[in-house]
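Dear colleague,

Please find the structure for your review directly below. My notes on what was found in it follow.

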Amino acid sequence: AGVPLQLLYLAAAFRDTPVEVQILDLNIVDDPSKTLDERLQTYKPTHVGVTSYSPNYPESLDVMKAVKRVSPSTITISGGPHEIAVGDLSPKPEFIDHRVIDTFGENRLLGLVGLEKRIADRQTLFPAYELLQDHPSYKFDSELFNGRRMTQILTATGCNQKCDFCSAQQIYEAFA
């Protein structure tokens, strides 16, 4: 599955704010439903954001339904490539409080939790790797690169790394 890089960027936007952020990657746990219920009951978040890709959109809907079942007052936020692509073209289910359809959703997310902080330049964000637990799913054969840790990135929403070997150095701009 790889490192959930988009979530790490979103979490990084909350650095130097009073908001505590946790990341729960349900792709790496044995019992996602049980793990989610336990985390909701112990952590008691005020907001839960779910990143969805079109192939996993049905599962992301199940996660947000579960959040509302366990904690009806928790605000649910749906974002990610699926929401960027589909956005307001489809009806919003009643268990989703907000959709983030911006390609640079960090600022929208900061606003949804009531913060005035804004990220002026995405290139200033460094992913919040410190919030991830170490897991074998986040590593793959990197002998080609002398054993260094690697990750996959979703360049449809842009990339701030400016790697000199990469041809995808343009930021995606949605049509207005």
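A residue is called buried when its relative accessible area is under 20%, exposed when that area is over 50%, and partly exposed in between (1.4 Å probe, protein chains only). This is a predicted model, in which local features need pLDDT of at least 70 and side-chain atom pairs count only at pLDDT 80 or more, while totals for chains, interfaces and linings use all residues. Residues are numbered from 1 along each chain as its sequence is written, and side-chain values use heavy atoms, with hydrogens and water left out.

Confidence comes first. pLDDT is the predictor's confidence in each residue, from 0 to 100. The protein chain averages 82, and 78% of the residues score at least 70. Over residues 169-176 pLDDT stays under 50, and the model has 11 contacts for them beyond four places in sequence; a contact means heavy atoms within 4.5 Å. Where pLDDT is low, the predicted coordinates should not be read in detail.

Next, the strands. Helices (H or I, at least four residues) and strands (E, at least two) are DSSP runs, numbered from the N terminus. Strand E2 (residues 75-79) has 4 of its 5 residues buried, so it is largely enclosed by the rest of the structure. Two strands pair if DSSP finds at least two bridges between them. E2 pairs in the parallel sense with strand E1 (residues 47-51) over 5 bridges, and Thr76 in E2 is the bridge partner of Val48. E2 also runs parallel to strand E3 (residues 98-99), to which 2 bridges join it; here Ile77 stands opposite His98.

As for the interior, a nonpolar core is a set of buried Ala, Val, Leu, Ile, Met, Phe, Trp, Tyr and Cys residues joined through side-chain atoms within 4.5 Å. The largest such core has 21 residues, of which Leu8, Leu110 and Leu132 touch the most other members. Helices H1 (5-12) and H5 are the elements that give two or more residues to this core, and H1 gives the most, with 5 residues. Apart from this core lies another of 13 residues, among them Leu26, Val48, Val63 and Ala66.

Finally, Asn107 lies in helix H5 (residues 106-112) and is buried, with a relative accessible area of 18%. Leaving aside neighbours within four places in sequence, Asn107 is in contact with Arg118 and Ile119. The side chain of Asn107 reaches the backbone nitrogen of Ile119 at 2.6 Å.

With kind regards

Technical notes:
A polar contact is a pair of N or O atoms within 3.5 Å; within protein, one must be able to donate a hydrogen and the other to accept it, and residues adjacent in sequence count only if both atoms are side-chain atoms.
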